[in-house]
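Morning, everyone. I will go through one structure, element by element, and keep it short. Please have the sequence and the model open.

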Amino acid sequence: MRWGAAVVLAALVAFPFVVPDATYEHTVMLLAFLVAIQAISWNIISGFAGYISLGHSVFLGIGAYTAGILSVEWDVNPLVLAPLSGVVAVVVALFVGSVVLRAKGPAFVIITIAMLLSFQVLAVNLPAVTNGSDGITLELPTWGRDVGNIPFYFMFLGLMVLAFGFSAWIRRTKFGTGLVAIREDEGKAAAIGIPTTLYKSLAYAASAFFVGVAGAVYAYFLTFLNPLGAFNILSSVTIVLAALVGGKGTLWGPVVGAFVVSFAGEAATVYGGGSQSRLLVFGLALVVIVLFLPDGLLPAVRRLFAKRHEVEHTDHTAARRPVTIVTRAPAEPRTDPLLEVRNARKAFGGLTAVDGVSLTVPTGSVTALIGPNGSGKTTLFNLVTGTGGAHTGEIRFDGERIDGLAPWARAHRGIGRTFQLTRLFKGMTVLENVVAPLAAFSPAVLASGAVTGHEADRARELLDLVGLGRFGAEPAGSLSYGQQKLVELAQVMVLQPRLVLLDEPAGGVHPDLVDRITGIVRAGAEQGITFLVVEHDIPLVLDLCDPVFVLDRGKVIASGPPGAIREDPAVLGAYLGEVSG
Amino acid sequence: MTQAVQTVALGVLIGGVYALMAAGLTLVFGIMGIVNVAQGAFLVLVAMLTWKAWQVTGIDPILLALATTPLMFGVGWVLYRLVVVRVRASSPAMSMLLTFGIALTIEGLLNVTAGNYFRSATPPYFAQSFTIGSVVLPKAQVYGFLAALLVLGLLYLVLNRTWTGRAIRATAQNPSGAALVGISASTVAALSFAIGAATAGTGGSILAVLYPFFPASHYDWIAKLLGIIVLGGMGSLRGAWVGALILGLAETITATYGSPRWSTVVFYAVILLVLIVRPHGLFGTRLREDAVA
Amino acid sequence: MRERSVRLRLRALVACAALLVSAGCGGGGQAGGGGGPILIGTSLPLTGQFSQPGGEARRGYEIWRDRVNAAGGLLGRQVDLRVTDDASNQDTIIADYTKLITQDKVDLLLGSFSSLLNYAASAVAERNQMLFVEPAGAAPNMFTRGFKMLFFAQPATAPHHADGVTEWVKSLPEAQRPRTAAFITQDDPFTRPVIESLQRQLEAAGLRTVHSTVYPANTTNFQPIVSAAVAESPDLFAQGAQFEDGIGAVRALRQVGFSPKVFFQTNAPGNGNQYSDGVGKDATEGVLYSTSWSEAAKTPVNAEFAQEYRKRFNGPPTEDAADAFAAGQVLQEAVTKVGRIDQVALADWLRANEVPTILGPLRWAANGEPQSSYMVAQWQNGKVEVVSPKPAATTDRIVFPKPAWP
């Protein structure tokens with residue numbers, strides 16, 4: 001890969017020297033570089049993190065206007081201001097991102113468009129700064145005629161290489177893995193300790209920088225700026241189209257796509273003869289690509305060539321190794337509860353899912369939470385992990401009140417969870433899944449390698465522990481359901497948790513794997529990890545857990561040791577009522 | 001005082017028309033989670049068809065909604081069954097890109113067939129007004145408002161008084177539950193997409209009289225409509241009403257008392273403020289996300 | 001899998017190289033070269049936002065080319081016109097003109113439509129020392145960049161567009177003169193300077209401005225704007241209107257039932273039937289506008305141009321097509337008089353001489369800014385009449401005051 005890229009790069013660098021007077025070709029190429037710079041950058045927020053920005057050329061406009069305004073104001077060459085343009089774009093992205101990134105999915109897309117239009121309106125309506133709709137005219141480039149656009153060619157080429165290197169570096173860091181985790185499942189990402197809000201803001205800022213820098217060069221290239229051209233929705237769509245064509249989320253996709261789209265556009269200009277159908281073709285291309293090539297060219301080509309291989313779905317015979325689990329605090333006998341829920345209440349519209357629940361989970365225990373479907377167990381889990389939204393009542397963890405904390409902050413304090421239906425990041429490998437969690441966060445984490453030696457070793461150990469050591473390189477989505485549950489368990493263990501919430505660990509799992517799971521729970525408990533288990537397999541619960549809490553219609557109707565629960569008429573009533581009702 | 005009454009009256013009249021146009025968009029989002037970016041292009045397409053029909057036959061453009069509304073219902077149905085259904089399982093962003101592609105295609109088609117010219121239908125009443133005291137209400141605006149009101153009322157009745165409507169609302173609130181009681185999710189989705197397109201049928205015919213339009217006008221319209229439903233809360237019909245009224249009033253009030261050049265900025269500023277306080281818009285609700293058990 | 005993407009990448013490069021080579025081979029005529037045709041290149045917005053004027057400009061250029069060729073060509077050589085489409089996009093127009101100059105090696109250039117595109121295009125021409133005669137691009141900033149090769153083939157820049165209206169107002173007897181004026185304009189690089197300049201001129205002539213406002217380009221809702229503007233019943237109402245906003249404002253005026261004594265709009269009323277259909281034919285009576293061209297104007301060759309246009313395109317000729325035709329005339333005159341294709345010599349000649357066109361005689365300042373004046377036209381009895389300047393005028397009568405809306 002590297003070798004091939006080096007050849008291409010060498011060819012691109014050599015091109016203007018070989019044919020120095022091909023100004024037109026240089027111009028076409030440099031405009032393709034410009035699209036590539038934007039598509040590569042767009043890919044960081046929209047490809048890696050999955051937040052599609054339909055107004056990304058706003059940063060090109062911001063960069064261009066920054067350079068345009070200040071170069072006139074300070075009487076300097078716009079190129080000198082290029083780094084500053086990048087910084088301004090980043091600042092705007094951070095500011096806007098703090099508002100915009102609260103919105104998810106479609107709302108985010110809409111707001112990115114609105115932002116583009118807002119900046120256009122601002123550029124028109126602040127004539128004192130931007131010269132309004134008349135636009136800003138810049139000096140012509142100072143170099144001689146014979147050089148043509150070659151300096152711009154190399155500037156954009158250089159920026160493209162830098163942007164690509166930046167994007168590739170991000171993808172290799174823990175930050176990059178975190179972004180992919182956010183794309184795959186944002187709630188889950190937060191639950192395994194990834195500070196999603198911060199990550200998204202940083203990704204948005206990162207995706208703005210090189211576009212902003214390129215904007216300054218672009219301003220000098222155009223020699224003229226105006227609101228309509230600088231903040232243009234079709235340019236934004238071109239970026240998205242380029243990334244989609246190549247393959248969004250992939251490293252090379254945006255680059256390849258940018259060249260395909262730019263050259264196709266230029267070919268349409270040269271050979272299309274100015275037919276009115278250009279827009280029609282553009283629209284149909286978008287429709288066809290979304291429908292039939294949603295992953296883009298590169299992944300499609302890869303799939304075509306990739307060998308079909310089957311994943312072995314049974315691994316029940318793996319050696320049972322003595323289970324050892326690393327904990328963050330040495331187990332010491334304690335009497336005060338690790339988790340305390342006091343009078344928690346959560347309603348969805350008219351439905352009160354959790355209705356004044358109080359319960360305590362003793363330190364070092366394996367506590368069970370049982371109850372009929374819809375009795376509020378999972379909702380209660382969500383409240384404890386912080387993904388359930390606003391509620392009343394108090395939640396204390398190790399004596400500290402945590403109900404105001406973000407999900408990842410709770411994860412950093414040592415709360416881990418698994419999900420009723422497993423929520424692995426299906427696009428990542430098993431190993432990447434297991435190294436994704438963050439037991440703690442510091443800025444240094446961002447830049448550290450995604451799969452470093454130490455962490456990878458530890459992740460492999462944990463995979464061995466759950467008996468899946470051989471599957472590290474497989475895509476997580478290719479595993480069986482039970483195996484996915486085990487991977488999720490290993491994922492939680494990476495957090496070095498003190499409390500693990502298990503949501504139906506045995507549900508839908510092969511009986512042999514159930515044994516494996518209970519074995520891990522017991523071993524963990526011996527090491528001092530506390531468990532809170534939601535499970536429908538009552539015999540399993542009564543065998544494994546003590547104490548047991550029974551929920552029905554959002555209320556605790558019984559609690560105590562398993563023996564007492566077995567005999568409790570209210571519990572029987574709740575379950576029988578469910579059966580007969 | 002008269003000017004204030006006049007301003008508010010105009011704002012409400014225009015808000016009612018915006019509400020109709022936004023209703024289809026928010027309905028489709030509420031039920032299918034798809035933002036139909038092509039709604040603006042539907043409007044312009046219908047406006048063009050209305051204009052042509054009015055030119056040829058001389059029938060009143062707003063009355064032509066009786067034909068364009070069912071026509072767009074059919075177009076929506078077919079478009080859903082043939083195209084949109086394929087992205088139901090994809091991410092919302094992909095479905096937005098798809099509908100954006102549809103919008104560009106419609107714009108391209110109009111460019112090729114009708115040319116890049118401004119048009120507007122001018123029935124005899126287009127330059128006349130009702131005068132109440134010293135308040136002037138343009139007839140076209142009033143008729144457009146009444147037509148919008150009528151269709152919104154019908155929509156309300158359909159959603160609340162018919163089995164189909166209840167099925168649609170049930171699907172919006174709890175898709176798996178609706179499936180359990182025998183509602184076909186794909187039929188409901190096709191229906192709601194068709195109804196969304198049908199509102200653009202009425203809206204487009206009204207547009208043909210109220211405003212000059214050309215193929216690329218759809219960007220302006222979709223920007224307005226998206227703003228309205230983000231402000232009101234995506235998926236909420238009530239939110240679409242309120243958002244539309246706020247936009248109508250923001251436009252007329254800033255144009256009268258401030259400068260019209262700031263009306264867009266004012267509206268976006270309102271949206272941003274609302275989103276900071278209420279990330280889900282004025283009437284947006286969070287459904288129970290964990291309701292799988 | 002990694003190797004495969006290398007291969008793909010290589011294939012992309014090969015494809016790109018192939019494209020470049022084929023594009024290179026496709027490049028046509030060489031410069032100079034005795035008896036071959038003279039290649040004239042232009043890039044026009046045939047698609048996208050500005051496709052309406054772009055398409056009209058193409059018609060104007062083509063009529064001009066055929067007229068020149070029918071009369072034996074330029075310097076005895078046939079004219080070959082190469083039109084490319086810039087899709088109303090700044091990036092594309094730069095690539096287009098770069099291609100025309102460096103690869104197709106055209107002998108001469110003609111400009112594009114709208115200031116926004118000509119800003120970028122004229123810079124390419126200037127850097128390559130190619131004469132750039134543009135049929136549009138009246139924004140005053142075009143001429144503050146010290147360009148030597150840029151010439152605007154219309155009578156004047158935007159701030160002088162409505163000079164004729166001021167002259168006419170001043171010529172009215174003191175008692176009849178309008179006393180108050182309202183100004184609204186689209187925020188557009190062309191219309192805004194026209195209206196701002198008109199407002200200054202009329203204020204200097206003693207009129208009182210009772211209202212002035214700028215509205216955004218995508219405004220559709222004109223009731224509040226017009227209501228606010230007519231609150232003080234201005235005698236003169238002037239609007240900087242492109243097209244749809246001009247229609248919208250007239251409708252709103254009719255709806256609020258206010259008819260000013262003098263009603264002036266920029267571009268919109270120049271759109272012939274489109275305008276009268278939009279506002280209602282009987283509502284056009286007395287509407288004043290300033291224009292670079294009118295079909296009725298008695299300028300040389302104008303009648304032939306109009307006739308040819310009607311014959312070919314089966315409709316009334318447009319101002320945009322006429323402007324393009326005039327740009328061709330400017331180029332033709334310069335080449336014929338200089339007698340050879342020498343870009344700098346052509347530019348020098350244009351700076352020193354006056355060129356008769358269908359827009360009337362044009363002449364330029366050193367920076368390429370034209371120094372003539374626009375015509376004032378008025379809708380009378382459902383037709384456009386030129387009312388000034390005298391040589392081009394088709395009638396002596398000016399409808400004043402404007403009758404009430406029907």
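I start with helix α6 of chain C, and with its buried residues: T191(C), R192(C), P193(C), V194(C), I195(C), L198(C) and L202(C). Keep in mind that this is a predicted model.

What do these buried residues of α6(C) pack against? They pack against α5 (163–171), β6 (180–186), β7 (208–215) and β8 (236–240), which belong to chain C as well.

An α-helix has 3.6 residues a turn, so residues three or four places apart point the same way.

Then a check on the length. Just past the helix sits G206(C), with a positive phi of about 105 degrees.

Staying in chain C, let us zoom out to the domains. Domain 1 is made of 32–157 + 299–362, and domain 2 of 160–295 + 375–392. Between the C-alpha centres of the two domains the distance is 30 Å. How many residues does each domain put into the contact? Domain 1 of chain C contributes 18 residues and domain 2 of chain C contributes 13. On the domain 1 side, helix α11 (residues 319–338) of chain C has the largest share, with three residues. Sorted by class, that side has 11 nonpolar, five polar and two charged residues.

Next, the contact between chain A and chain B. Here 38 residues come from chain A and 42 residues from chain B. On the chain A side, four helices supply at least two residues each: α5 (105–125), α12 (233–246), α14 (278–292) and α16 (377–385). Of the elements on that side, α5(A) gives the most, namely 10 residues. The classes for the chain A side are 24 nonpolar, 13 polar and one charged.

Last, some strands in chain A. Strand β3 (residues 337–348) pairs with strand β4 (residues 351–362) in the antiparallel sense, over nine bridges. β3(A) also pairs with strand β6 (residues 392–397) of chain A, again antiparallel, over five bridges.

Terms used:
Residues are numbered from 1 along each chain as its sequence is written. Chains are lettered from A and ligands numbered from 1 in the order in which they are written. This is a predicted model: local features need pLDDT of at least 70, side-chain atom pairs count only at pLDDT 80 or more; totals for chains, interfaces and linings use all residues. Two strands pair if DSSP finds at least two bridges between them. A residue is buried if 20 or more other C-beta atoms lie within 10 Å of its own, exposed if 12 or fewer, and partly exposed in between; C-beta atoms are placed from the backbone. Two residues are in contact if their C-beta atoms, placed from the backbone, lie within 7 Å. Ala, Val, Leu, Ile, Met, Phe, Trp, Tyr, Cys and Pro count as nonpolar, Asp, Glu, Lys and Arg as charged, and the others, Gly among them, as polar. Domain bounds come from an automatic or database domain assignment.
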